[in-house]
Amino acid sequence: MSVREKNAHVHQDRDRSAKILHSQFDNIGLTKRNSEYMYKFNQALAGTKLTAAQKTETINKMVQELLEGQKSGKTARNMWGTVEERIQFIVNPPKRKPDPKRDYWPNAGYNALLFFMIFTFMYGIISFFPAKNGPQPVMGITGIILSAAIAGVGIPLVTMMFTPGVKHKYSIWIRIVIMILFVVVWMGIFTGAAMLPAVINPALNRYAYIALGLLSAGGSWWYKRNFNITGGLF
């Protein structure tokens with residue numbers, strides 16, 4: 001077979017593959033222009049690092065939205081801009097605007113993890129430095145969990161009270177007083193938790209606290225990467 005014949009076969013194979021890929025957007029209700037857009041988008045999407053499942057989900061969702069948009073005369077270009085612009089939007093989606101109310105529980109969980117990390121590290125480290133009159137007092141694990149949970153629940157509420165650009169129910173001075181009361185109540189619970197009997201509030205050894213601190217540090221890192229955290233301490 002000559003070089004010319006080989007090249008001809010290659011071009012034929014490419015044309016056949018292109019027709020097969022293009023055919024998946026034919027006869028599904030899309031206009032010719034929208035079908036061409038989806039074909040080009042699909043080709044560009046194949047070059048991204050998205051998983052096969054993510055690519056399939058994206059294509060299926062766009063096709064459904066496009067079929068709906070066509071009912072009112074919309075085209076893919078009207079809806080999403082150029083293929084390149086749509087690819088950029090899919091690969092690097094814009095971050096959601098912070099909304100403390102919407103993100104309250106993710107923020108609460110994240111802050112609770114952070115304070116659990118802080119307390120366990122703190123008590124694990126200070127136990128290496130003995131006090132003058134004996135062992136360094138260390139809070140029990142139940143007290144630490146309770147204190148971290150209160151901080152986690154309370155800090156997003158305080159954040160909501162001071163969110164800029166939002167009409168607040170109370171004046172700034174009342175909100176400051178509420179914040180101070182929260183801190184006082186939290187410190188009271190923190191102090192009271194330390195007085196719980198050892199049978200329900202056992203103190204762990206220093207290495208256990210440090211291990212828990214490392215685990216919660218990794219957990220908070222994972223948590224922040226997988227949830228929309230807008231009111232974290234860090």
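This is a predicted model: local features need pLDDT of at least 70, side-chain atom pairs count only at pLDDT 80 or more; totals for chains, interfaces and linings use all residues.

Reply: Happy to! Residues are numbered from 1 along each chain as its sequence is written, and side-chain values use heavy atoms, with hydrogens and water left out.

Let's start with H8 itself. Helices here are DSSP runs of H or I with at least four residues, numbered from the N terminus. H8 takes in residues 172–194, 23 residues in total, and spans 33 Å from its first C-alpha to its last. That is close to the expected 33 Å at 1.5 Å a residue, where the expected span is 1.5 Å times one less than the number of residues.

Which residues of H8 are buried? They are Arg175, Phe182, Trp186, Phe190 and Ala193. Buried means under 20% relative accessible area, exposed means over 50%, and partly exposed lies in between, using a 1.4 Å probe and protein chains only.

Now look at the rings. Phe182, Trp186 and Phe190 belong to one aromatic cluster together with Phe115 and Phe119. Rings of Phe, Tyr and Trp (its six-membered ring) pair if their centres lie within 6.5 Å; planes under 30 degrees apart count as stacked, over 60 as edge-to-face and the rest as tilted. The structure holds 10 aromatic pairs. In one of them, the ring centres of phenylalanine 115 and phenylalanine 119 are 6.0 Å apart with planes at 50°, so this pair is tilted.

Where do phenylalanine 115 and phenylalanine 119 lie? Both are in helix H6, four residues apart, which is about one turn of the helix. An α-helix has 3.6 residues a turn, so residues three or four places apart point the same way. Phenylalanine 115 and phenylalanine 119 are both buried.

Finally, follow the chain back to the loop between helix H5 (83–91) and H6, where you will find aspartate 103. Aspartate 103 is buried, with a relative accessible area of 2%. Its side chain makes a polar contact of 3.0 Å with the side chain of arginine 102. A polar contact is a pair of N or O atoms within 3.5 Å; within protein, one must be able to donate a hydrogen and the other to accept it, and residues adjacent in sequence count only if both atoms are side-chain atoms.

Technical notes:
Helices (H or I, at least four residues) and strands (E, at least two) are DSSP runs, numbered from the N terminus.
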